[in-house]
Amino acid sequence: MEIFWVLCIPLFGGLMLAVFGMRRYAPELNSAMSFCTFAAAAALTARVISSGSFSAWDEQFFVDAFNVFLVSLTAFVGFTTSLFSRPYMRIEHDHGKLSANRLRLYYSMYQLFSFTMLLALLTNNMGILWVAMEAATLTTVLLVSLYRTPASIEAAWKYFILCGVGLAQALFGTILLYFAAEKILGAGGNALLWTHLNAVKTQLEPTVLSLSFVFLLVGYGTKVGLAPLHNWLPDAHAEGPTPVSAVLSGLLLNVALYAVVRSKVLVDGALGTHFAGNFMMGFGLFSVVMAAFFLSRQKDVKRMFAYSSIEHMGLMTFAFGMGGPVATFAGLLHMTVHSLTKSAIFFAVGHAAQKSGTQLMDGIRGLIKTNPTIGWGMALGTLAILGMPPFGVFTSEFMILTTAMHSYPWAMPFLLIALGVAFASIFGRMQLMVFGETGGQRLPHPPALIPVFVHLALVLLLGLYIPPYLAEWYRQATALIG
């Protein structure tokens, strides 16, 4: 029943906002539906904690410690982003950037995007997982192109074409997975159920599974933003509304990586080697290095933090590729703290861009003087995402680096140089935006900064102390996928 509510609330919310999205109370309705989704996700989490994993609806849906953790994170960030978007989108409408019809499109697609993300996480069927990822692409294409400027339409088309081609590769990988499973599980839908595949993974044809994983990694890796498949991501972040940037970085990339990790579990069982892990480590390390050096060339603040997302998704991919209890635990923790921190940064960046009337960093100066709460939010968020102690990003990065130092010392120079370049590139620009001289005025409206400091407080808590029940949750998920 909990799964029913987690999926049906955002689906119903999307349909309802497609009708009432032009009304004055649409932002509050969007936030209310997101809160109800979060409450349903919390109830689902409580059931998993008390009763363990379970299947539902003829095994088409499956919940365990791994995906329920991401369901909770997705619902929470979706709710806080909806709170941030209330004043933000109203201001965009008041400034003439968005019409009432486009606001209706935004609110309805926001709820449908949440539905597709939760469907991808909760389904037990690898085929439905692919369908959900494709549907997520379609909803976010409409959100990225919301402003209907030439640049936003170009970014949306690039996103649609590149991710469409990538997901075509993932579809072929899914077909190969079914081809391998059919000989063991028989023809029919059961041959794509992850729980059934996991039970017989040692019997699956290794050659077919290895080829399948290559296509799945390339396909879903496009959605993760792994280099060199990342080209859509900076444009989509820069040209779409800021709340869309927050959910893209905080939610969509995690769900795509989730699909890769679920596939890796099957391949590891079938091959009994580190084949899948080596591929993930290669793509992850290349993404970290590439993104770090591209950071120094950015002039648009949202593009800069988009490349930061590529860097951190590469780090997570590298961690899951290494495998083992410590690296997998660190990858899950990094998923959590990156989603919370990066969405908080985009919240602060959105208000800063509205204040300055530009996303170019040269035009954003002296936030600490003109709007201290925005300035402190951006400063603390930037320090957190750069891995400064005592924030949680430092904890997860330290665990990843120490594991790499022990098991793969050859990767350490690349990681340390890339992280150093990224730190210098972002920190220098943050100083000017927050503490530089400015003649700007204060924002004419109160910014929605409660979500910023709630997220950063949680990231700080996870850096200082991981509650025992949360640590046990991570350990259970680590045991499932490690």
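Predicted model: local features only at pLDDT ≥ 70, side-chain atom pairs only at ≥ 80, totals over all residues.

Tutor: Let us begin with packed helices.

Student: How is a pair of packed helices described?

Tutor: Two quantities are used for two packed helices: the distance between the axes and the angle between them. Take helix α2, residues 26-51, and helix α3, residues 65-94: their axes come within 9 Å and cross at roughly 165°.

Student: Are α2 and α3 roughly parallel or roughly antiparallel to each other?

Tutor: Angles over 145 degrees count as roughly antiparallel, and α2 and α3 are therefore roughly antiparallel to each other. The crossing in which α2 passes α3 is left-handed. In the contact of α2 with α3 there are 13 nonpolar, 9 polar and 3 charged residues.

Student: Where do the axes of α13 and α18 stand in this description?

Tutor: Helix α13 covers residues 325-356 and helix α18 covers residues 450-464; their axes come within 8 Å and cross at roughly 150°. That angle makes α13 roughly antiparallel to α18. Here, too, there is a left-handed crossing, with α13 passing α18.

Student: Which residues of α13 and α18 make the contact?

Tutor: On the α13 side they include Leu333, Val337, Leu340, Ala344 and Phe347, and on the α18 side they include Pro451, Val452, Leu456, Val459 and Leu462. Sorted by class, the contact of α13 with α18 has 12 nonpolar residues, 4 polar residues and no charged residues.

Student: Which residues does Ala291 touch?

Tutor: Ala291 lies in helix α11, residues 275-295, and is buried, its relative accessible area being 0%. Apart from residues up to four places away in sequence, Ala291 touches Tyr307, Ile310 and Glu311.

Student: Where is Ser72 placed, and what does Ser72 touch?

Tutor: Ser72 is in helix α3. With a relative accessibility of 14%, Ser72 counts as buried. Residues up to four places away in sequence again set aside, Ser72 touches Phe38, Ala41, Thr45 and Trp473.

Student: Where is Gly21 found?

Tutor: Gly21 is in the loop between α1, residues 2-20, and α2. Gly21 counts as buried at 4% relative accessibility. Gly21 and Phe35 are 14 residues apart in sequence and 17 Å apart in space, from C-alpha to C-alpha.

Student: How many disulfides are there?

Tutor: A disulfide is assigned when two cysteine sulfur atoms are within 2.5 Å, and the count here comes to 0 disulfides. Consider Cys8: the closest cysteine sulfur, in Cys36, is 13 Å from the sulfur of Cys8, so the two are too far for a bond. Cys8 is partly exposed, with a relative accessible area of 26%, whereas Cys163 is buried, with a value of 0%.

Student: Let us turn to the backbone. Which residues does a cis peptide bond join?

Tutor: The angle to read is omega. A cis peptide bond joins Ala227 and Pro228, with omega about 5°, and Pro228 is in the loop between α8 and α9. The peptide bond from Pro389 to Pro390 is also cis, with omega near 10°; Pro390 is in the loop between α15 and α16.

Student: What is the phi of Asp58?

Tutor: Phi of Asp58 is near 55°, a positive value in a residue other than glycine. Asp58 lies in the loop between β1 and β2, and is exposed, with a relative accessible area of 67%. Arg148, which is not a glycine either, has a positive phi of about 60°. Arg148 is in the loop between α5 and α6 and counts as partly exposed at 36% relative accessibility.

Key: Residues numbered from 1 in each chain as written. Heavy atoms only, no water. Axes fitted to C-alpha atoms, helices over the stretch in contact; angles between N-to-C directions. Helix = DSSP H or I, 4+ residues; strand = E, 2+ residues; numbered from the N terminus. Parallel < 35°, antiparallel > 145°, perpendicular 65-115°, else oblique. Left-handed = near helix turned anticlockwise from the far one by under 90°. Contact = heavy atoms within 4.5 Å. Nonpolar A, V, L, I, M, F, W, Y, C, P; charged D, E, K, R; others polar. Buried < 20%, exposed > 50% of the residue type's maximum accessible area, 1.4 Å probe, protein only.
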